[in-house]
Amino acid sequence: RDSKLTRILQDSLGGNTKTVMCANAGPADYNYDETLSTLRYANRAKNIKNKPKINQDPKDAMLRDYQDEISKLKDQLANM
């Protein structure tokens, strides 16, 4: 949680977004520690679950609800 990468990606990793992450690992033995760290980070990032939703103005949402209600009432009047 205190890594530079986490700080850079904090808006993408948690919140109202969907994020794709690609972890690259090198086969060389001198990259072992870095590769292991990358794979651990990718595994932790994979377990983050977000539920994105559409950002909308509350007034627009209320207006949409009223329009739906008016449509329902019109349908009820038409069926009488």
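User: What share of the 80 residues of the chain count as buried?

Analyst: Happy to start there. This is a predicted model, and 9% of the chain's 80 residues count as buried. The chain exposes about 7700 Å², with carbon and sulfur atoms supplying 53% of that area.

User: Which secondary structure elements does the chain have, and in what order do they run?

Analyst: There are three helices and zero strands, so to speak an α-α-α run from the N terminus on. As for contacts with a separation of 6 or more, 61% of them in the chain join residues 24 or more positions apart.

User: How do I compare the span of helix α2 with what its residues should give?

Analyst: Take 1.5 Å a residue: the 15 residues of α2, 32-46, should then span 21 Å. The C-alpha atoms at the ends of α2 are 21 Å apart, which agrees.

User: Which residues of α2 are buried, and where do they fall around the axis?

Analyst: The buried ones are Thr35, Tyr41, Ala42 and Ala45. Looking down the axis of α2, these buried residues fall within an arc of 130°, so they line one face of the helix. On the other side of α2, you will find Tyr32, Asp33, Arg40 and Arg44 exposed.

User: Why does Thr35 count as buried?

Analyst: The cut-off is under 20% relative accessible area. Thr35, with 14%, is therefore buried.

User: What is Thr35 in contact with, leaving aside its neighbours within four places in sequence?

Analyst: With those set aside, Thr35, a residue of helix α2, is in contact with Ala25 and Gly26.

Terms used
Residues are numbered from 1 along each chain as its sequence is written. This is a predicted model: local features need pLDDT of at least 70, side-chain atom pairs count only at pLDDT 80 or more; totals for chains, interfaces and linings use all residues. Side-chain values use heavy atoms; hydrogens and water are left out. Helices (H or I, at least four residues) and strands (E, at least two) are DSSP runs, numbered from the N terminus. The expected span of a helix is 1.5 Å times one less than its number of residues. Buried means under 20% relative accessible area, exposed over 50%, partly exposed in between (1.4 Å probe, protein chains only). The arc is that of the directions from the helix axis to the C-beta atoms. Contact means heavy atoms within 4.5 Å. Accessible areas come from the Shrake-Rupley method with a 1.4 Å probe; for residues, only the protein chains shown count as cover.
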